[in-house]
Amino acid sequence: MEGGNPDSIEPATPLLNGGLRNNEHNSYINGNDGLIPQLFTSVPTLNEAASYLAETTSYFSRCFTDYSVEPDYSVVSEQELTTFPSEHTREYLDTRSSSGRYSTFSESSDTATATSVPDGIRRSPGDSSQNSGAIVVADHSHQNGISLFQGLIARARRTVRGSADDIGWIERAPGMPPVEDGTDRFMEIIDEIRHGVHRLPNSVIYLLVPGMAGLFSNHGPLYFVNTKISLSKMGLACHIAKIHSEASVEKNAREIKEYIEEIYWGSQKRVLLLGHSKGGVDAAAALSMYWSDLKDKVAGLVLAQSPYGGSPIASDILREGQLGDYVNLRKLMEILICKVIKGDMQALEDLTYERRKEFLRKHRLPPELPVVSFITEAGISPAVLATLSRVAHAEVPIVVPLTAGQPAKVPVVIPLGAAMAACAQLLQIRYGEKSDGLVTCRDAQVPGSIVVRPKRKLDHAWMVYSALDDDPTEANASQVCEALLFLLVEAGLRKRHERAMKDE
């Protein structure tokens, strides 16, 4: 700003005259080239605001160094306004400089800053205490602002990072046994079944354990029903575990143990288990926690699309210290699970990576137990968005002729395929991981198991709720379950043979 013209600053003169000596007034007007910076330094509140702004900008630069831009400093008549963080400020000293100006010094542990003050401004004896009070108040505000900003940055980083470091952790964990690929043999069994060859033995009882297939396992009456009907037509004893799959893993593990013992004592036959989604986790927990009681009663376990290592969706929803805390996302999920579907919040927490790591450190599946892992990948093509899944049926007696004797059954359908495709697309974009829509492929792989990875695109809900437009040339869900169970029977026979050879 150019000085030398008294008229240009006439409105400001009354404000300054009270604090200027008569013989210095003209000197100040003639040296008015730094009016704006001097006003900043003459008012402590403005000085603190400028200091806070400078430090905030500096912190942004340190957080995002890849996007930093060289600052463009402008000098007004060769005078700079320099500010430093106020939390280190100890005192302000007024002193007369050799050039006839007053300087304000801020002493800190690292640096001292001299900021020019207009010549002739006089401070009253009470100014020092008032400024000190202003500095303390501004310092507290400054620290609170920086703390809030740092917390926001930390939450943003934690939210963006999500489960990137946890997905597939079970593959990297030391001491985990290797897996065996059984996909080719599975496809051979499927081909035999589709040609009418059924070889499941009736010397065992088949127990199907439902899971949290999108949090609707207990609200879909067709869950596993077709599979049970198919096995029953072959003369096989098959049961569906009546557990509340939205309950905690340990609670369901106890109930499954009781199911197995009841079935065994009533039939004197061992049990083959097939658990889908969280049902596989619940069944595995029952066998690992109570193996000493069940080892003579269980013949094997199939985990179909089960988050054995954990779920990124559960972890991302419930992880603390994220931006979602501002909208109380956890409380919203608690209302959904506990109030709407009458479940237990513990069920979702048990599927987080943190809980799964803790559980598997204490309880691992016994090495002698035959285990099969069924892992699929959901399709994400535009055609999948039009897929409708039949989850129930409604009886409509009005449209039925009187001679029919039975009401008509109209399928109840919802676009589960579209929902699974959207979730799979999200996991693919965010983490670069393939999934069935809810469970990533790497988290569904059980250490030491026979792993089946079909090339066919199957989402998480397909296993229990068939689509209306299923391809008749492909195996349906009942046939897939039958093939998985027979693969498990073969694995059990092979393990027993290996143990017998080892004993000899």
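Student: Let's start with Gln-346: is it buried, partly exposed or exposed?
Tutor: Keep in mind that this is a predicted model, where local features need pLDDT of at least 70, side-chain atom pairs count only at pLDDT 80 or more, and totals for chains, interfaces and linings use all residues. Residues are numbered from 1 along each chain as its sequence is written, and side-chain values use heavy atoms, with hydrogens and water left out. On the scale used here, buried means under 20% relative accessible area, exposed means over 50%, and partly exposed is in between (1.4 Å probe, protein chains only). Gln-346 has a relative accessible area of 25%, so the label is partly exposed.

Student: Which residues does Gln-346 touch, not counting residues up to four places away in sequence?
Tutor: Gln-346 is in helix α14, residues 345-349; helices (H or I, at least four residues) and strands (E, at least two) are DSSP runs, numbered from the N terminus. Contact means heavy atoms within 4.5 Å. With residues up to four places away set aside, Gln-346 touches Ser-248 and Arg-355.

Student: How far apart in space are the C-alpha atoms of Gln-346 and Glu-250?
Tutor: Along the sequence, 96 residues separate Gln-346 and Glu-250. In space, the C-alpha to C-alpha distance for Gln-346 and Glu-250 is 9.7 Å.

Student: Zooming out, what share of contacts between residues at least 6 apart in sequence joins residues at least 24 apart?
Tutor: The chain has 17 helices and 12 strands, and 44% of its 504 residues are buried. Take the contacts between residues at least 6 apart in sequence; the share joining residues at least 24 apart is 76%.

Student: Which residue has its C-alpha atom 9.0 Å from that of Leu-287?
Tutor: Leu-287 sits in helix α10, residues 278-289, and it counts as buried because its relative accessibility is 0%. Its contacts beyond four places in sequence include Ile-260, Leu-294, Val-298 and Leu-301, along with Leu-365 and Pro-366. The C-alpha atom you want belongs to a residue 82 places away along the chain, namely Leu-369.

Student: Which side chain makes a polar contact with the side chain of Ser-373?
Tutor: Ser-373 lies in strand β9, residues 371-374, and with 0% relative accessibility it is buried. A polar contact is a pair of N or O atoms within 3.5 Å; within protein, one must be able to donate a hydrogen and the other to accept it, and residues adjacent in sequence count only if both atoms are side-chain atoms. Ser-373 touches Leu-303, Ala-444 and Val-452, among others. At 2.7 Å, the side-chain partner of Ser-373 is Ser-449.

Student: Over to Thr-183: which residues does it contact, leaving aside neighbours within four places in sequence?
Tutor: Thr-183 is in helix α7. Its relative accessible area is 12%, so Thr-183 is buried. Neighbours within four places aside, Thr-183 contacts Val-451, Val-452, Arg-453 and Pro-454.

Student: At what angle do helices α7 and α17 pack?
Tutor: Axes are lines fitted to C-alpha atoms, for helices over the stretch in contact, and angles run from 0 to 180 degrees between N-to-C directions. Helix α7 covers residues 183-194 and α17 covers residues 477-503, with their axes 9 Å apart. The packing angle of α7 and α17 is about 125 degrees.

Student: How many charged residues are in the contact of α7 with α17?
Tutor: On the α7 side, the residues include Arg-185, Phe-186 and Arg-194, and they meet a set in α17 that includes Glu-482, Phe-486 and Glu-490. Ala, Val, Leu, Ile, Met, Phe, Trp, Tyr, Cys and Pro count as nonpolar, Asp, Glu, Lys and Arg as charged, and the others, Gly among them, as polar. The contact of α7 with α17 has nine nonpolar residues and one polar, and the charged ones number four.

Student: And α8 with α17: at roughly what angle do their axes cross?
Tutor: The contact joins Asn-226, Thr-227, Ser-230 and Leu-231 of α8 to Ala-477, Ser-478, Cys-481 and Leu-485 of α17. By class, the contact of α8 with α17 has four nonpolar, four polar and no charged residues. The axes of α8 (residues 225-233) and α17 come within 8 Å, crossing at roughly 65 degrees.

Student: What is the phi of Phe-224?
Tutor: Most residues other than glycine have a negative phi. Phe-224 lies in the loop between β5 (204-209) and α8, and it is buried, with a relative accessible area of 2%. Although Phe-224 is not a glycine, its phi is positive, at about 70 degrees.
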